[in-house]
Amino acid sequence: MRILIIEDDREAAAYLVKALKEAGHVADHAADGEEGLHAAETRGYDVLIVDRMLPKLDGLSIVTKLRDSGQATPVLILSALGQVDDRVKGLRAGGDDYLSKPFAISELLARVEVLGRRRGAKDVETSYRVGDLELDRLSHEVRRAGKPIVLQPREFRLLEYLMKHANQVVTRTMLLENVWDYHFDPQTNVIDVHISRLRSKIERDFGSPILHTVRGAGYIMRAEAEA
């Protein structure tokens, strides 16, 4: 992806550029709000990373101007202001996500990837299959080895997302954003509870595990034969 970083701290910006390039992205840097707004309006980026406090034009004003002009490029707002009210202001200004400083670079990369997929997603598949587990998005039916499995709506959405990304590690951040529509960590065990319930339903009466925990990373949906 092509990513623009609007950040006045040059050392922090250089670190972000390096990390994004190492992850396979193309990353540009603008050091103030006016330069950043001009670049965002004219160069066609996939994702914008915007610091909230900037010289010449602050980050929220950049986002507001972009949205007012009809530009829908996903924006991740970075800020040392991490209270709930601050996050709400950022999202209401038109930001797609909000990450408080200091942050782990791995989380930033995951959030950027989610925003990029959200923009480019063309979700045309109506069913998913992993091993002998099948999910039909139209009928909302789930079967394993031909046996129907009854899921609650959130469990279905969770399984749908995991199966859509089968054989890929899905992080907790990805689940919070795409299954629960949270753009910050609510500091609860909601994911653990739902993963446990889902795993019980799709594995308990069957011979092999299919939903695996990747310690320190997240989860992966993979049939045992594909391991």
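Student: In which sense do strand β1 and β2 pair, and over how many bridges?
Tutor: This is a predicted model. Strand β1 covers residues 2–6. Its pairing with β2 is in the parallel sense, and the count of bridges is five.

Student: Which residue in β2 is the bridge partner of Leu4?
Tutor: Strands of a sheet pair through backbone hydrogen bonds, either parallel or antiparallel. For Leu4, the bridge partner in β2 is Asp28.

Student: Which strands stand at the edges of the open sheet?
Tutor: The five strands run in the order β2-β1-β3-β4-β5, with parallel pairing. Each edge strand has a single partner strand, so one side of it is left without a neighbour in the sheet. The edges are β2 (26–30) and β5 (97–100).

Student: What angle does the direction of helix α1 make with that of β2?
Tutor: Helix α1, residues 10–22, packs on the sheet. It touches β1, β2, β3 (47–51) and β4 (75–79). Its direction and that of β2 make about 170°.

Student: How many residues of the contact of α6 with α8 are nonpolar, polar and charged?
Tutor: From α6 come Arg154, Glu155, Leu158, Leu159 and Leu162. They meet His194, Ile195, Arg197, Leu198, Lys201 and Ile202 in α8. The division is six nonpolar, one polar and four charged.

Key:
Residues numbered from 1 in each chain as written. Predicted model: local features only at pLDDT ≥ 70, side-chain atom pairs only at ≥ 80, totals over all residues. Heavy atoms only, no water. Contact = heavy atoms within 4.5 Å. Helix = DSSP H or I, 4+ residues; strand = E, 2+ residues; numbered from the N terminus. Nonpolar A, V, L, I, M, F, W, Y, C, P; charged D, E, K, R; others polar. Pairing = 2+ DSSP bridges. Axes fitted to C-alpha atoms, helices over the stretch in contact; angles between N-to-C directions.
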